[in-house]
Every structure is written in structure tokens, then in C-alpha cells.
Amino acid sequence: MKINLKLNISAFALGLTSMIGQIIIIRELIVVFYGNELSLGIILACWLFWSAFGSLVLGRIADHIQFKEKLLSYVQLAISIVIPLNIFLIRIIKPLLKIHAGKLIGFTQMLGASFVSLSVICILMGFTFILISRIASKDNNVPSKQIGRIYLLESLGASVGGLIYTLFLVKAYTPFHNALILGNLNLIVSILFNRNLIQLVYLVVFSTTIIFNWPKHLDGFTRGFQSRPMKLVENKDSLYGNISVTRLENQYSFYENGSLLFTGGDLATSEESVHYAMLEHLYPKKILLIGGGTGGAINQILKHKVDRIDYVELDPFIISLSQKYMPPITDDRVNTIHMDGRLFVKQASIIGNFTTPYKYDVIILSLPDPYTASLNRFYSLEFFQEVKKILEPRGVFSFGLLSSENYISPEHAVYLSCIYNTLKKEFNDIKLLPGDTITFIASGEPGMLTQDANVLIKRLKERNIKTKFVREYYLPFKLDPLRIKYVESAIQKFQNTRINTDFKPIGYLYHAILWISFFDATRNLLPYIGKINLGIFILIAFALFMITLLAQKLTRASLKFPVLISMAGTGMSQICFQVIIILAFQFIYGYMYYQIGFILTSFMIGLTIGSFFITKLIEKIEDEKSLYLKTQSMLAIYPLILAGALFIISKTNQFKPGIGGMLQIAFVILPIAAGFIGGFQFLLANKIWLEGSKDIAKTTGLLCGIDLLGSCIGGLVIGMIFIPILGIIQTCVLLSVINIFIFILISNSRNPAIQKM
């Protein structure tokens, strides 16, 4: 087989492995780390950091290695072994750190575990790209074209990998199965370049595991480590995450992505989540329950004389597993709907009650706190507006947020105040019921609600409802005026907290600060959150720009200097664009898994198209600076177009939902455009830097590493700082300003085309 064909196969396999491997490993770490934006940012940052290390540091030695093809074979063999081992390592993190199932993990532990567990696999994959590029460009007059070909094939492999995993692998096989499939692919590719005894042994081991279906048993065995001290009785990976069922004595607990959903037989929680809201309404007949039904809430609602319960649950696996280990719900009044709760409410509120023929008397939201941007959609101003539209005039809306019985810290008070102030924008009457979970009960009708325990006890008796916890001896304590006053006064101290909205989801940032406060002191952060604005970030960017411009002038730097700076800016911008588009799609249309997968794949398709075009043009380019300035101007203009497009789509979907639904096509086009710019610019930067250079691997590794480091920074700041504090629109403006500054730096550099004359 010709060497070019081998390298083409190797590059394609690398892209496919990187995409699928990244998805598998990130999903595994989410189960360990609670899955909020801070944990995702840390995982992504560590992934990109070690990939950059593999490109920058190890890439420098590739030019000096004589046996490059044999080394490539060994590296790909190592990848094939490390991927399944990495899953095993991640699953024993909790036992090693002595963290029990459902318990929060600290920031330091999260950072350390991510940093260690991702190191080897990411270094290997980062180095592999540089090594393949160096072999491909050997003895070639236009190395940038060969590197472009490898980059194009890697991007194509990533695009195909994203589609294959989203549409097939995630549903068909366990993570260990998929890891071994990737391992086998890399094993075959390694054999193309070199053959040894280790490959033969691994091939035999792989074949044996498949024949005896060991991956399935190994998957269950290693998942058991994460559930200790409880016994894992069943585990499934659905489209939406990992679902585990554990048993402690005769009690079953259900977890999604490592976070506790509910525990069977937990009457206190199920009673409190239902009866306070139901008792506040005089005649509750039509009920909407979003999440939490299988944990006992539905059975509690059915104790009231209701006509219908619409129960909305996104993941059907949650219901099927709960019915397997708990008594099934067979009442004809219960209508189960497998759909995103936000999407259900949105459709019911804007399409003339398309989803339901009537409005509801009581709506109960039984979901976790807004610790992610996805969950934050259920606590935003826009969601509360949509809920109000599908409530009867005297309807009741209820949800709970985790709290404590006797002390509310400033971090906790700010978080609760943010959600309370947001709810107050839409509902005139709000009552707070203190406890380990603070129950928020809201109504649009002033004077509708009561905190009088005697009134609720009377209604409980009139309806002949038998309860164990929400009853006459407990309600007076729960509704003690002094306890209620303490909670209300703690929240009122922070009346100026920002409103939580879809496009500016500050709620999950406040929750992240609260979460960090469990492990580290964060009180000093609170006074500054409200003062941070777009102007401060622009001022910081301007100061860095002036320092860089001064250094450029003093050193009379060539075009290569600002191009290197632009690579970091482009890496940061590209990952920010992806996050913005994904979050905006969720906010506008609701969470739909397949579309999210297609958005990520669309970006890779754009990257592939951009790589293809620049590869075709690369030998014909005469003025690199002029063309590079054009691509940089596109990076400065794109975020403004993105902001305008998202604003128009959001408003159109709100007032003209038919047209708004058709505009979903924009979420396929927008990431393609972003990917196109990134792919085109990266290979153009390679051409500029490789001009007259003999250190091909060193140069390519430098540019790739800087690009990945920029992405690393972007991954950290976009989800936890830019989006919640600035919001989507202002974040786009900031990205435009940063790229304008880089455009000026490039404009002030010496043109290499003039230097040659």
C-alpha cells in the first residue's frame, strides 16, 4: 500500500477517534463530576491543554526522529489500548477519592482528576496529528498543501464520527464496546505501518472479548465502583445520559449522570413536592407535572380528586426502569408524554394550546436545581412567562430549590434571590415554605395563596387525604411565621440580584458559586458579580491589545507574530461560537438531542469545507497577508451576524412560531460558516509560517498547540463567565471586538510578499 494512502487512512481514523473518544470520555466524566458548566469547562480545558502539549512539546521532536513511520504505528497502538483503559480509570475515581454515590466532588479534586485522567490519551492524539503531517510533507516542495490534506481528512473523520456516534453507536453499544471498536480501528491502522507481537496479542484479546460479550459484563462491573457503598442493580446509557439504579437494603435509588433523581419510598420528598401546591388550589382538576413523577409524585397527586395529569418526562428509560423496580402507574387519568418539558410548555403557550386542549390548575416543576445551562431554562423569566400563559387565572405554579433548615449563607441567599426576583416579574403572589428544600408557590391572582397552616390542614381533611408527613402535626412547624420570616429576610437582603433570562442565564452562575462555597470560601466574589459588565472585558482586551501592538512596533515583527496571536483568538472564538449556537438552540426551541448532535457535526463539516478550499488554492496564493486579513475580518463580522440572527430567530419564534420553526435550518448553516472560517484560516496560517522553514513538525505543532490553548481558554470562560454574566448578545459583541483588535495587529505587520521583492 502506498504511503500517502496509509497516511490518509490514518488521518481519517484520527479524526474519527478524536470525536467519538471525546464524546465517550466527556460523558463518563460528567457522571463523576455532577455535569454542570464548571465541570464541563474543566474537562474541556484539560482535554485541550494536553492536546496542545502533545502538539507543542512532542511535536518539536518529530523533525529529528528517523523512524517516523514505525513511531506512528506504536503511537496508534498505544491509543488503541489507552482508550478503554481510560474509561476504567475514570470509573474508579470516586472510590480512589472515597466519594460515595450522589455526593458532590470538590473543585480541586475535579481539576486534579481531569488533569490526570485525560493526560495520556490527549497527548497521544495531539502528537499523532503532527507526526502524520510531518511524514506527509517529507520531501515535498509545498508542505502546507500536504498538511492541508491531512487536516482536511482529520476534519472529515471527525464529521463522520460525530454522525455515526449520534445516530448509531450511542444507542447500540455500551461505552466499553465503543471504546474497543475505536481501539480495534486504531490497531488496524497501526498494522499498516508496522507489525509486531503486541498487535497480534491485542487482536486476539479483542476478538475474544467480542465473542464472549465481555465488554457488557466489564461495563456493569466497573459501573459498580461508582455506586458504592450501595449495590448497582442496573445501568443503562440512553441518548440523554447514564441512568443507574442502586439498592440499599430494600430501597432503590435512581441516578442520572451521577446526580440523584429520586429514591423509591421517599414519602417526605414526594409529599412535600406535591401537596403544598395542590392544597393551595381550591379545586385542582387539571395538573401538569414536569419530571419526578416516577419517584412517587404521581401517586401523591392522585390522592386528590383530579381529572387528568399530564406527566412530561424526556427520557423514556427513566420510566421503564422505575416501573421495573417500583409499582407501575396504571391510572387512566395519567397521560405520560416523552418530550422536553420546556418544549412542551413553549408549544402549549405559543401555538394556541397545540399540545393540550386546556389550561392547567396546578403546574409542578420537579427537576433539579439550575446547576447547568440546560436546567437553567426551567428557571428563567421566559419560562415563567410561558408557564403563566398555560395556567388558569387562579392557577398555581410550584417548584423546589435545595436549601437548609437553619442557616442560609450569603451565597445561598443570592442564588435564591435571583430565582425569586425572576419569578416575581411574572407572578403577583409568591409564598416560600422553608426547609431542606425551599418550596416556591406562585400565582398570578393576588391573595390567592396562604401560609396559614390551619387553612391547609382543613383542606387536607376535607379532601380525606391520608399522608404521613404533610399533616396536622407537621404543617404548623413547616409554616412557622418565624421560619418563613427568616427565609424572606435573607432573600430580601439581595434585592438587586440580576434577573435570570434565557440569553443571560445568571442563575446557574450563582448556583456554581454556591456549589464552590461548599468546599472553598467564595464570599469575596459576590460583591463583584453585579459590577462586571461588557465595558470591563473590552477594557481588558484593549489593554492587552496595546501591549501587544507596542511589542510588535518595537521588535518590528513580521506577519508571523500577529498570525500566531490570531491562532489563539481563533481557537477561543471557534469554541465560543459552538457553545453559543448550542445554548441558543436549547433556549429557543427546547433541548432536542439529535439536533444538538447535528449542530456539532455541522461545525466539523464547515471545517472540512474550509480546509478543502484553502488546500486547492494554497499554491496559487501570492499575497498571504491580504487573504489572511479577509479571513480575520470575517471572524470579526461573524459574531455580529450570529447575534443578529439569534435575536431575530428568538423574536420570530415567540410571535410567529410557524415561521420560527422553519428557521431551525439556521442552526445548521451558522456552525458550518464558523467552521469554514476556522478551517480556512488555520491552513493559511500554516502556509505563512512554513514559508522558508525546515522545521515542519515544530511549526505545525506550534500553530496547532496555540490554537488548542486558545480553545482551552475559551472553553473555561464561555460557559462560566461570558454567557451568564454578559449574555449571548454581549458575548458576541466582545468576540467581535477581540477579533477587530487582532485584525489591526495583522494590518500593522510587515507584508512578506513585499519583503521578497
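Guide: What follows describes the open sheet, then a separate hairpin, and finally several helices.

The model is predicted. Four strands make up the open sheet, in the order E1-E2-E3-E4, and their pairing is antiparallel. The edges are held by strand E1 (231-238) and strand E4 (259-263); each has a single partner strand, so one side of each is left without a neighbour in the sheet. On average, and with direction ignored, neighbouring strands of this sheet are turned by 20 degrees against each other.

The pairings can be followed strand by strand. E1 is joined to E2 by seven bridges, and the two run antiparallel. E1 and E2 form a hairpin, with two residues between them. The next pair is strand E2 (residues 241-248) with strand E3 (residues 251-256), which are antiparallel over six bridges. Here Val245 has Phe254 in E3 as its bridge partner. Helix H10 (residues 214-226) packs on the sheet, where H10 touches E1 and E2. The direction of H10 makes about 115 degrees with that of E1.

The hairpin of E2 and E3 also has two residues between the strands, and Glu249 in that hairpin takes a positive phi near 60 degrees. As for covering, E2 is mostly enclosed: six of its eight residues are buried.

Strand E10 (residues 429-433) is mostly covered, with five of its five residues buried. In a regular strand the side chains alternate between the two faces of the sheet. In E10, Asp429, Lys431 and Leu433 point one way, while Ile430 and Leu432 point the other way, and all are buried. E10 is joined by five bridges to strand E11 (residues 437-443), and these two strands run antiparallel. Within that pairing, Asp429 has Ser443 in E11 as its bridge partner. Three residues lie between the strands in the hairpin of E10 and E11, where Gly435 takes a positive phi near 155 degrees.

The helices come next. Two packed helices are described by the angle between their axes and the distance between the axes. Helix H1 (residues 3-33) and helix H6 (residues 119-136) pack at about 160 degrees, and their axes are 10 Å apart. An angle over 145 degrees counts as roughly antiparallel, and H1 and H6 are therefore roughly antiparallel to each other. The crossing in which H1 passes H6 is left-handed. On the H1 side, the residues in contact are Ile3, Leu7, Ser10, Ala11, Leu14, Thr17, Ser18 and Ile25; they meet Ile121, Met125, Thr128, Phe129, Ile132, Ile135 and Ala136 of H6. By class, this contact of H1 with H6 has eleven nonpolar, four polar and no charged residues.

Helix H7 (residues 143-172) and helix H28 (residues 666-690) pack at an angle of about 150 degrees, with 9 Å between their axes. That makes H7 roughly antiparallel to H28. H7 and H28 cross in a right-handed sense. From H7, Pro143, Ser144, Ile147, Gly148 and Tyr151 take part, and they meet Gly678, Gly679, Phe682, Leu683, Asn686, Lys687 and Leu690 in H28. The contact of H7 with H28 comprises six nonpolar, five polar and one charged residues.

Two further helices concern burial. Helix H14 (residues 341-350) has nine of its ten residues buried, so H14 is largely enclosed by the rest of the structure. Among the buried residues of H14 are Arg342 and Lys346, together with Leu343, Phe344 and Val345. Phe585, for its part, lies in helix H24 (residues 560-589). Phe585 has a relative accessible area of 2%, and buried means under 20%, so Phe585 is buried. Between Phe585 and Lys388 there are 197 residues of separation in sequence and 22 Å in space, C-alpha to C-alpha.

Methods. Residues numbered from 1 in each chain as written. Predicted model: local features only at pLDDT ≥ 70, side-chain atom pairs only at ≥ 80, totals over all residues. Heavy atoms only, no water. Axes fitted to C-alpha atoms, helices over the stretch in contact; angles between N-to-C directions. Parallel < 35°, antiparallel > 145°, perpendicular 65-115°, else oblique. Left-handed = near helix turned anticlockwise from the far one by under 90°. Contact = heavy atoms within 4.5 Å. Nonpolar A, V, L, I, M, F, W, Y, C, P; charged D, E, K, R; others polar. Pairing = 2+ DSSP bridges. Buried < 20%, exposed > 50% of the residue type's maximum accessible area, 1.4 Å probe, protein only.
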